[in-house]
Amino acid sequence: MLTDQTTLNWFAACNVADVPANGGVCVKYQETQIALFHFARRDEWYATQNECPHRKQMALSRGMIGTQNDEPKVACPFHKKTFSLTTGECLTGDECSIKTYPVKVDNGQVWIGVED
Ligand code: FES
């Protein structure tokens with residue numbers, strides 16, 4: 001959980017048009033792969049680590065997004081382990097979670113906040 005927003009470094013990830021509606025893309029920040037999702041049905045954006053912690057596959061950007069009890073989530077395309085897009089918590093009962101990043105959209109540009 002981020003408590004001090006001033007430590008965030010916002011980087012320009014891509015343009016809004018680069019991300020499919022209700023889908024995701026992989027963007028890179030230095031050597032880190034980040035999965036960026038446009039949850040168009042809810043007009044929301046989310047970013048998480050791209051690596052699925054289950055088998056270390058760089059796969060979450062290709063996962064299926066949806067909701068579980070109104071919680072936005074992504075399901076890994078490999079074995080369907082599912083993670084909250086807001087907290088990163090695993091929703092399929094496994095003891096693994098993923099990192100999440102704040103996202104903002106400004107004038108057609110998508111920004112992701114990473115800690116320095
Ligand atoms: S690698 Fe993602 S669920 Fe197995």
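## Aromatic pair

One aromatic pair is present in the structure; rings of Phe, Tyr and Trp (its six-membered ring) are paired if their centres lie within 6.5 Å, and planes under 30 degrees apart count as stacked, over 60 as edge-to-face and the rest as tilted. The pair consists of Phe-11 and Tyr-29, is tilted, and has a centre-to-centre distance of 4.6 Å with 35° between the planes. Strands (E, at least two residues) and helices (H or I, at least four) are DSSP runs, numbered from the N terminus.

Phe-11 is buried at 11% relative accessibility, and Tyr-29 is buried at 16%. Here buried means under 20% relative accessible area, exposed means over 50%, and partly exposed lies in between (1.4 Å probe, protein chains only).

## Basis of the model

The model is predicted; local features need pLDDT of at least 70, side-chain atom pairs count only at pLDDT 80 or more, and totals for chains, interfaces and linings use all residues. Residues are numbered from 1 along each chain as its sequence is written, and side-chain values use heavy atoms, with hydrogens and water left out.

Val-27 is located in strand E2 and is buried, with a relative accessibility of 8%. Beyond its neighbours within four places in sequence, Val-27 is in contact (heavy atoms within 4.5 Å) with Phe-11, Ala-13, Thr-32, Gln-33, Ile-34 and Ile-112. Phe-11, one of these contacts, is also a member of the aromatic pair.

## Charges over rings

A charge sits over a ring if NZ of Lys or CZ of Arg is within 6 Å of the ring centre and within 35 degrees of the ring normal. Lys-104 lies over the face of Trp-10, 4.2 Å from the ring centre. The charged end of Arg-42 is placed over the ring of Phe-39, at 5.5 Å from its centre.

## The sheet E7-E8-E9

Strands of a sheet pair through backbone hydrogen bonds, either parallel or antiparallel. Three strands make up an open antiparallel sheet in the order E7-E8-E9; two strands pair if DSSP finds at least two bridges between them. Strand E7 (64–68) and E9 are at the edges with a single partner strand each, so one side of each has no neighbour in the sheet. Neighbouring strands of this sheet are turned by 35° against each other on average, direction ignored; axes are lines fitted to C-alpha atoms, for helices over the stretch in contact, and angles run from 0 to 180 degrees between N-to-C directions.

E8 and E9 are joined in the antiparallel sense over three bridges. Val-74 has Phe-83 in E9 as its bridge partner.

## Loop residues

Lys-81 lies in the loop between E8 and E9 and is buried at 17% relative accessibility. Its side chain makes a polar contact of 3.2 Å with the side chain of Asp-94; such a contact is a pair of N or O atoms within 3.5 Å, where within protein one must be able to donate a hydrogen and the other to accept it, and residues adjacent in sequence count only if both atoms are side-chain atoms. Apart from residues up to four places away in sequence, Lys-81 touches His-54, Val-74, Ala-75, Cys-76, Thr-92 and Asp-94.

Most residues other than glycine have a negative phi. Lys-80, in the loop between strand E8 (71–75) and strand E9 (82–84), has a positive phi of about 65° and is exposed at 53% relative accessibility. Asp-43 has a positive phi near 55°, lies in the loop between strand E3 (32–39) and strand E4 (44–49), and is exposed with a relative accessible area of 62%.
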